[in-house]
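Work through the exercises below with the sequence and the model open beside you. Try each task before reading its solution.

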Protein chains: 2
Amino acid sequence: MGDRFYMQLALDEAWKYQLLTYPNPAVGAVVVKDGAILSIEAHQKAGTSHAEVLALLSAYETLSQTTIDFDRFDAQKAHEFLRQLPNDFFSSCSIYVTLEPCAHRGKTPSCAMLLQYLRLKAVIVGMKDPIAGHGGGVEIIRSGSNVPIVKTGVLEDACKALLEPFLLWQERAFVLFKLAQTTNGRIGGGYLSSKESLRHVHRLRSVCDRLLIGGNTVRVDRPTLDCRFVGALPPNVTIYSKSETFDSEIPLFGIEGREVTITQKLDFLDKPSFILVEGGEGMLNALQGHIDWLLIYQTPKLSSNELSYNIDMNLTFLHQRNIGVDLMIWSRQLGN
Amino acid sequence: MGDRFYMQLALDEAWKYQLLTYPNPAVGAVVVKDGAILSIEAHQKAGTSHAEVLALLSAYETLSQTTIDFDRFDAQKAHEFLRQLPNDFFSSCSIYVTLEPCAHRGKTPSCAMLLQYLRLKAVIVGMKDPIAGHGGGVEIIRSGSNVPIVKTGVLEDACKALLEPFLLWQERAFVLFKLAQTTNGRIGGGYLSSKESLRHVHRLRSVCDRLLIGGNTVRVDRPTLDCRFVGALPPNVTIYSKSETFDSEIPLFGIEGREVTITQKLDFLDKPSFILVEGGEGMLNALQGHIDWLLIYQTPKLSSNELSYNIDMNLTFLHQRNIGVDLMIWSRQLGN
């Protein structure tokens, strides 16, 4: 199999954690030895081990037939562990990473410096880090005493699509509109989605800066908008509404430690952030000019009862996968 | 990577040719050596080489760094070629096949006997052949002088879903309803789909026994219903209609070598066959009790102009993949 095959595996793994790594980018990594896949991993949460590190730890376990006995998500410990291995341990391994390994020490040590030390056979990078001052990882790897084969630009367009939210939220709000629908595009029927889809929504809520929701949805659905399925803190909520009058008994107002704002101004979208929008036809139309991506949880049914929604919007499909019995479809709004 | 990983690759490859192998089953195969994937292949067309044979030929090419110079889809030649190799050529290889290799000589020689001769390290089978009189492949492989590891039942449920049409069309018509829609479930806007989706529809038309279409669609859309995008012969057409009166200038009537039937009786569905249904809301409702699978070509747009369709139907998603810019979603009707 060629480079593209392994990079696609890294991409698919990274998509499982898309946005959940906020404010970090989604990144996937695969370690291969003589054509055999030793590990497929992805960065899962900001502040924890990067994809390359998790993939190397998992490859170590495969090669040594042992299990590491420390928290693999503790980046400091993970780097220390990998650095005490003989530096030819991975010398017949190649690593595929969707994004150039980080050059500089942030919350975690530099992955590029680790890869320079470990002297792999090859480092294949999907795309160079496009953020000014962030790059240089490839140069560090190339500056070692035993330079691996370094290749960049494998499935570059797909790697760019994966990274897109990260680039947008550097500049302004990245706006994700979430929709749960039947396969014939009906919405609004309450709990349409599988438990797995609902858990995923709660994970997104737990990492976003702000949950934006329409006033009508609040009045009609009387939602709670917490993250109880994943045991996380509830997001701050902004209700997009002309009127500031709401029944204070609506559950979302009763959640402790949450800030609720009611506004008709969207200027907060100018601020670098991750905004999750939930709503129906009204919000979709009101926010159309601001929506970057649409995330659809599509349920395996056709319905004649629930509401259809009207809007014209061109999309690009970016990624899809099964989640419980549902289909999860990530798409980009075109021309926005 | 474990058995399930390789079997999934075989499954994904087989789905690319789902129904196109009619009247044969869709089957995928993967050859692996020391964890490295040598080939991923699928049966493509009835009467040509089976998945196992194509995967072994492709693995031979990878291992020998040569290219075979005969038609690999010619099963007779392919078997002869593989049988003249030293019978330890694949001795460190494992093969993953979604369906038990065929025991008996049909239009092509027996794959089980070939695998018995070739003495692979392991033969991993997704599911045993459930058709009475068809099985026995695994027993043949086990009866050789140098028996490989044989394992069955890997991702068995997924392998069963892949095989489902084949089992149904042994007994009666397998009915596939094809629908092209926007992502918000709008239909009927003429050429909704990508060129790649249209080509796929034409390939399905070229292998089905009969294309079933509603009288209204014929009157309103005035379709041609040929296979011009893939250069194949046009399917016979059955128009489901009370009235037998149609404008004879409608292009579908002008296609040479085609049989057109107009009927309101569906008793032809009792006959073992593959029936492709094209139509909109009316046909979906009229045929609901007969539809086995729904194939949706979902385009990357939301539309407020095109028609929504009303029906209640529970589905199971079976497989999805990108086709051009569209998403292709295979699903089973539940409770039918």
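**Exercise 1.** State what covers the buried residues of helix 2 of chain B, and check the length of this helix.

Step 1. The cover includes strand 1 (28–33), strand 2 (36–42), helix 3 (75–83), strand 3 (93–99) and helix 4 (111–118) of chain B. Helices (H or I, at least four residues) and strands (E, at least two) are DSSP runs, numbered from the N terminus. Contact means heavy atoms within 4.5 Å.

Step 2. Buried means under 20% relative accessible area, exposed over 50%, and partly exposed in between (1.4 Å probe, protein chains only). Of the 14 residues of helix 2 of chain B, 11 are buried, so the helix is largely enclosed by the rest of the structure. Among them are Val53(B), Leu54(B) and Tyr60(B).

Step 3. The expected span is 1.5 Å times one less than the number of residues. For the 14 residues of helix 2 (residues 51–64) of chain B this gives 20 Å, and the end C-alpha atoms are 20 Å apart, which agrees.

The model is predicted: local features need pLDDT of at least 70, side-chain atom pairs count only at pLDDT 80 or more, and totals for chains, interfaces and linings use all residues. Residues are numbered from 1 along each chain as its sequence is written, chains are lettered from A and ligands numbered from 1 in the order in which they are written, and side-chain values use heavy atoms, with hydrogens and water left out.

**Exercise 2.** Describe the contact of chain B with chain A.

Step 1. Chain B and chain A each give 41 residues to the contact.

Step 2. Buried area is the accessible area (1.4 Å probe) that two parts lose on being put together, summed over both. Here that area is about 3100 Å², and carbon and sulfur atoms give 56% of it.

Step 3. On the side of chain B, Leu302(B), Phe317(B) and Gln320(B) lose the most area to chain A, together 21% of what that side buries.
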